[in-house]
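Below are some notes for a colleague on helix packing, pockets and backbone details. Please read them alongside the model.

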Amino acid sequence: MPILFDDGKKLFTIHTANTTYQFMAGPYGFLLHLYYGKRIENQDMSYLIINRDRGFSGNPYDAGCDRTFSLDTLPLEYPAAGTGDFRTCAASVINPDGSLVLDPRYSGYTIHKGKYSLKGLPALYEEQEGEAETLAVTLLDSVCGLEIQLLYGVFAEKDIITRAVIFTNRGSNTIRLTKALSLNVDFLYGEFDFVHFHGRHNMERQFERIPLMQGTQSISSNRGTSSHQHNPGIILCGKNTGEDHGDCYGFNLVYSGNFSARAEVDQTGQTRVSMGMDYEGFCFSLGEGESFTSPEAVMCHSSRGFAALSHRFHRVYRHNLCRGRYQFGPRPVLVNNWEATYFNFDGQKLIQIAAKAAKLGIDMLVMDDGWFGGRNCDNSSLGDWFVNEKKLGMSLKTLAEEVNKRGLKFGLWLEPEMISEDSDLYRKNPRWVILPPDRRPVRSRNQLVLDMSQEQVRNYLFERICAILDSANIEYVKWDMNRSINGWYSPSLSAERQGELPHRYMLGLYELLEKLTKKYPHIMFEGCSGGGGRFDPGMLHYHPQIWCSDNTDAVARLKIQYGTSFFYPASTVGSHVSAVPNHQNGRTTPLKTRCITALPGSFGYELDITALDAEEVQTVSFWTAQYKKLQPLIYEGLYYRLLSPFEPHGISAWQFVSPDKSCTLLCTAASDVQANPQNLRIALKGLDANKTYFCNDRSYTGAALMHGGFVLPGFAGDYPAEMLYFES
């Protein structure tokens, strides 16, 4: 049994294959956290708590004269505001009388087979019946009547624990919820580093590792999306933790909107980690009997370093988060016309691209922005989802048929959440946008945002998108979202409920995506938000792949894809080969390097393939065929980071190992080539020590490759890259 309860001690123990998580209902009904780490059998870990009288750390009234019992210093499972704990709280309220105290105490629990689900929110699910269990622990504030149900989903064999919280008003008066985080973990001991993935548009998920300081370090987004600036995933790790050794803890939020993640070192040296949907101004009103459900957080511990942590996240996301026909592949190799034509195209140009693509072994043509309304630049027509047949010179049905005749599937780009001021939809329905009354909007990319909390907006989008998808043989949709959101206001909400809008926006979006992906299970939906601005587990529940970044430069992608790999499997990474000089930074890199860099993802092309010369045609054909051959290994294999692009040696290296260890793929790329270089040896990982592997007519034992290593050939020229395939 992965979930155990000792009724005498009120002790909860959660076991996974390699970890233990433990907490208890302690004195006076306060829920105390005891341990999270490597698996420990048959042990009450409460002995680790040593109570002391600390000045200015107050004591609950229930404790009487015991000045050693303080919520300000105890490790708490789910801390609330106003009860004497001055650290980061996980939940806070405004009571009917205006007071800000929330004092939840333990009132009961249930354990049941299977994984809980969350109404209206994406969450991990059971791949096979019986692979998960759920623990629900109930807390109650008996004064205001707020019930807090802490949910724990346990995927024991996968070493994954999920967390979510349901708040229900059991009283008769309205309670306003002002904070509702999904996860809190208090570490009694340990000195940690904080790993996070910051960035900006065209440079997302940049790896950074910094020591925790006394006080609070946090990442967050208030942009209405999980954002380019901070991905909703953090790692806490030991000072000496590396790829293959040491303790590390990963926390990732299954949510695509505003969030925060914090690590706080308190006065006693304890470290508190908290994560959840969070933003300034959040206020959710709960009337009698009403509930609020927090998004899900996923957590995992590894005692064997970052690689094992990543493998566990990759596995559970592929098997228990992504869904649909393209959950496991195979995926089509596609060419997108955006960087080839931008807005300057018609149907005949696209058919020419399709004809050339067929000769190169490409499987799909995707028509990007500019096919609807009067859309010939980014100033107009978003919201007018009607095919511009005059521009195309044909119907969408005819275009898809012509592409299909040439042996390719057909897909298109959509940006349903946005609206242009210069659009028929805006002129007809100006109250459908997020905009405070009597104020001028803040524009971004010359567009405004549709209010996804309004049912009539969602109904319109569903009707128009279905009409388009039903009109032609469309097998792929790129769902884009190209601005941050501000100026939150919805005419459908009362003044006191405006603080609910950012979350209601996400609930509306998830509802629309759920309806569309269920109605069109044959269509591959790819997520995008100016590239990687919404690359998060919430979107992966609807989109099995997400456009990794609008930056398609091969050298820049080394860092972007490195950071992405800590939580997200290669199968979810949208990665294409683009033209040079690169359209984002002007860099020129070899076509071979661009292809190798795009391999760890959903390989495709973002350039005008009709302009390729004879040598480039041969190269593209070769790497397209290589990717199709290697796709099962890339998607299903274990991914290893061998050399970091953030280190000064200027070489990146990564490796895929098949599940049965029969083959492995080693890729290297140089961002800095040196004269008279030192020899560079790479130790491969994850192989069978007793197998013999062959590469380029030479044989190596697995033990030799892992312990003796492999010496890289000398690099020369501008940004070279190599790929080596070893097979037993």
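1. In this model α3 passes α5 in a right-handed crossing, where right-handed means that the near helix is turned clockwise from the far one by less than a right angle, and left-handed anticlockwise. The contact, meaning heavy atoms within 4.5 Å, is made by Gly347, Leu350, Ile351 and Ala354 of α3 and by Leu399, Glu402 and Val403 of α5. By class, it has five nonpolar, one polar and one charged residues, with Ala, Val, Leu, Ile, Met, Phe, Trp, Tyr, Cys and Pro counted as nonpolar, Asp, Glu, Lys and Arg as charged, and the others, Gly among them, as polar.

2. The structure is a predicted model, in which local features need pLDDT of at least 70 and side-chain atom pairs count only at pLDDT 80 or more, while totals for chains, interfaces and linings use all residues. Residues are numbered from 1 along each chain as its sequence is written, and side-chain values use heavy atoms, with hydrogens and water left out.

3. Helix α3 (residues 347-359) and helix α5 (residues 396-405) pack at an angle of about 20°, with their axes 9 Å apart; helices here are DSSP runs (H or I, at least four residues), as are strands (E, at least two), numbered from the N terminus. The axes are lines fitted to C-alpha atoms over the stretch in contact, and angles run from 0 to 180 degrees between N-to-C directions. α3 and α5 are therefore roughly parallel to each other, a term for angles under 35 degrees.

4. For helix α7 (residues 455-471) and α8, the axes come within 11 Å and cross at roughly 25°, so the two helices are roughly parallel to each other. Their crossing is right-handed. Arg458, Asn459, Leu461, Phe462, Ile465, Cys466 and Asp470 in α7 meet Gly508, Glu511, Leu512, Lys515, Leu516 and Lys519 in α8, and by class this contact has six nonpolar, two polar and five charged residues.

5. The axes of helix α11 (residues 591-598) and helix α12 (residues 614-636) come within 10 Å and cross at roughly 20°, which makes α11 roughly parallel to α12. This crossing is right-handed, and in it Leu591, Lys592, Cys595 and Ile596 of α11 meet Glu616, Thr619, Val620 and Trp623 of α12.

6. Which residues lie nearest the centre of the largest pocket? They are His201, Arg445, Asn482, Gly530 and Asp550, out of a lining of 30 residues that divides into six nonpolar, 13 polar and eleven charged. The volume of this pocket is about 570 Å³, a volume being the space filled by probe spheres set on grid points that are joined across faces, edges and corners. On a 1 Å grid over the protein atoms alone, with a 1.4 Å probe, a pocket is an open set of points with protein on both sides within 12 Å along at least five of seven lines, and lining residues have an atom within 4 Å of a point.

7. The second largest pocket has a volume of about 450 Å³ and is lined by 20 residues, of which Lys119, Gly120, Phe284, Arg504 and Leu507 lie nearest its centre. Two or more residues of the lining come from each of β19 (284-286), β20 (291-293) and α8 (501-519), with α8 giving the most, six residues.

8. Two backbone details deserve a check. The peptide bond from Val580 to Pro581 is cis, with omega near -5°, and Pro581 lies in the loop between β30 (573-578) and α11. Asn202 has a positive phi of about 75° although it is not a glycine, and Asn202 lies in the loop between β12 (192-200) and β13 (203-211).

Conventions. Parallel < 35°, antiparallel > 145°, perpendicular 65-115°, else oblique.
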